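Have the viewer open while reading.

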Amino acid sequence: MPVIAFSEEQSMLLDTAMDFCAKEAPVAGLRASIQDGLEFNGARWQAMTDLGWLGIGIPEQYGGLGMTLADAVPVAEALGRYLVPSPFVATTIAAQALMACGSPEQQSQWLPRVASGSIASLALWEPSGSWSLADTEAALTKTGDQLTLSGQKVFVEAAEEATLLMVAARFEGNVRLCLVERAQIAESAIQRESVIDETRRSFSVTFDHLVLDQAALCPGLAFDVIENASLLLSSAESSGGIAGVLGVVVDYLKTRKQFDRYIGAYQALKHPTVDILMGSEMARAYVYHAATEWAAGAELETIENAVRMAKACATEQFAEAGDRAVQFHGGFGFTYDCDAQLYLRRALWNQYQFGDERYQRSRLADVMLAAS
Amino acid sequence: MTSQKILDEFRTEVRAWLADNTPPDPGFLLPETFMEVGTDQQFEFLRNWQRTVYEAGYLGMAWPSEYGGGGQPQAFQDIVNHEMAAARVPFVPNTIGLNWAGPLILDMGTEEDKQRYIKNILSAEDIWCQGFSEPDNGSDLGNAQVRAVRDGDEYVVNGSKIWTSLGAYAKYMILLARTSSDGPNKYAGLTFFLAPMQVAGVDPVPIKKLTGEYGFCQTYFSDARIPASCRLGAEGEGWSVAMKTLMFERGAIGGQAGGLSAMDLNINDIIELARRSRRNGRPALEDPLTRDELMKLILEAKGNQLMGAKSRIPALCQDWPTAVPMSGKLRGSELKRKMTRFALSLQGANGARYISDDAIDGGKWQRSYLNAFSGTIGGGTTQIQKNILGERVLGLPKS
């Protein structure tokens, strides 16, 4: 098996997604929509649904395209490159969670709806900021035939426009997922969060003795699959983001003059821009290597190593590229109007979701640096 | 296509041969690369090893058999190269002949050149060196100033070349010299020679390196007379021949004889060293900071490999198609410098030792670190590489 494979289908998806983002969601329009409160863009979502993207990782029997998550990687990359605000990644991961942990009934109820554009999102994290689901405090308790859910979830993407939330909570000693329909949640329980990446619609959701049917409980415990899927798509988004911010830097270095020279002629700017290029190439190689392992159905541990390496590389390089991009724009870089800040702030979100690079390295070290 | 079965059988054969024929530890520290051969003892050991490998049929396997090669598909030589690295055998020292001058001669040389040079390159009978860099023109190769003036059937050469690896042992030099200063630009006056070293007026003087060892020479030419027939290409075409040589040197095009040209020091050696080292009374491998630094190096090494794999998929290289192939030397040499530097930090106070029996592993890590600069400086410094990448790949204005 090659260490990196890239199929004809992936190649077509990449081309289509790049064209779509450039035309339908150019970075130039982003600041205005942020200033308008970044409302959910239903028309764009419908267009993405029509392209079939929401069904990429969903089996054909549930109305999906029957491909794998590796085929969602080029789409996530394109969305990352253009900083597109979209619940694509959140919904795609939720579908993977349904496939990994849901009962057959839950899958046949929800997967076809997700494939046809119903937004779904995972509610995993809590105010402690821990990256470990073992620290989950939200609780599910059984009362007669019903379940009661209490606790607060944060960094829930697209909670307002979602149809389905998959909530992690403690149940009889284990952390489990339960399905909560958006309609079951009061408006007042959902609060928009102020987050560093202004292209994200992130929410806090409070559950106060919300009563659920027993059938809402997911039987599966495969959180490792959910984490792997999240790391893969987050890394893909970051890989796209680095390429995007590199383009912004290169454009500026070729057009901005100081002391009668284009500033790209100065080695103090040229050399670290080459470093960004190298980081971009390496991140992309890691992302498609991880996608290759996923598509090949490698052992879970092999996939976990590959996605952790991808995440460690991609978000570290993206954050560094964004940081340098702001600096290289000089005074303009310090303003809200410079695109560099959009990428930097996106990079910081990606860096601190699902474990930053040091966290990933520490987890990898546990596997790769055994003491004997 | 050679069948997989035949290749698998060949691999087994090579492994067995290497197991039976690899010379025992000579009892002295071997050099790390062909650029670091500093004593006659080291040189003779390595030259004998190359001869043994060639006589077994494992060198130049894909070169034409009429000139001493094996006349077989490249796949066989690739297997040998891989197995030699995996078995950690000594390297074969005639690197410039095997990988740069040899393929160049096969590509551009006359029939007579091929008959004369190729077999002796493979057998290490004739050692080759390279005369490109000059004391005043390191990164600016096109500005070479060594003069070659035509006089009848000869050229008269004056000036000096520097960083001639194996210069003291070489019989021939691939030489870039200036035959004219009147051309439209500095490149137009350059001419390429397959120059004899063992003639009057050629004097290779060993240079003492920062490691305290030898391995390079400065080669002085004082009215050295070389035959006009040793010119490769026409007068004034030297720059394009030199560029082709660099393509072979950087592995950008195939045709090399193969073999192993350096001691392969990789990330696994550093992990193994960390396993043996102690920090604060505990194995260094348990120290969180050490683990994090190690993981960074592991990720960089693995990332470099994956970049190579990605570069073979055009659909994933549309933005900057040449970024990966053009940065191989930069990435590889910088990683090696970082790895070897880190290796010293694993040794506690012993990090301060140098080549001796008291040093960890005889001081090879200290020597490796200091020698790592040959990679980050030689063949165009890291800083020049970044200029090239910035300008040719990203299209940034010239510095």
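## Basis of the model

This is a predicted model: local features need pLDDT of at least 70, side-chain atom pairs count only at pLDDT 80 or more, and totals for chains, interfaces and linings use all residues. Residues are numbered from 1 along each chain as its sequence is written, while chains are lettered from A and ligands numbered from 1 in the order in which they are written.

## Domains of chain A

Chain A is assigned domain 1 (8-115), domain 2 (121-216) and domain 3 (223-368). Such bounds come from an automatic or database domain assignment. The centres of domains 1 and 2 of chain A, taken over C-alpha atoms, are 22 Å apart.

Between these two, 17 residues of domain 1 of chain A contact 16 residues of domain 2 of chain A. Contact here means C-beta atoms, placed from the backbone, within 7 Å. On the domain 1 side, helices H2 (30-35), H5 (88-101) and H6 (104-115) of chain A each supply at least two residues. H5(A) gives the most, with 6 residues. Helices are DSSP runs (H or I, at least four residues), numbered from the N terminus.

By class, that side has 13 nonpolar, 2 polar and 2 charged residues. Ala, Val, Leu, Ile, Met, Phe, Trp, Tyr, Cys and Pro count as nonpolar; Asp, Glu, Lys and Arg as charged; the others, Gly among them, as polar.

## Domains of chain B

Chain B splits into domain 1 (4-122), domain 2 (128-249) and domain 3 (267-393). The C-alpha centres of domains 2 and 3 of chain B lie 32 Å apart. Their contact takes 5 residues from domain 2 of chain B and 8 residues from domain 3 of chain B. The domain 2 side divides into 2 nonpolar, 2 polar and 1 charged.

## Where the chains meet

In the interface, 37 residues of chain A contact 38 residues of chain B. Helices H7 (223-255), H8 (267-295), H9 (300-328) and H12 (357-368) of chain A each give two or more residues to the chain A side. H8(A) gives the most, with 14 residues. The chain A side holds 24 nonpolar, 7 polar and 6 charged residues.

## One helix pair

H8(A) packs on helix H12 (residues 382-393) of chain B at about 80°, axes 9 Å apart. H8(A) is therefore roughly perpendicular to H12(B), a term for angles of 65 to 115 degrees. Axes are lines fitted to C-alpha atoms over the stretch in contact, and angles run from 0 to 180 degrees between N-to-C directions.

Residues in this contact include A:His271 and A:Leu277 of H8(A), and B:Lys386 and B:Val393 of H12(B). By class, the H8(A)–H12(B) contact has 4 nonpolar, 6 polar and 2 charged residues.

How values were computed:
Parallel < 35°, antiparallel > 145°, perpendicular 65-115°, else oblique.
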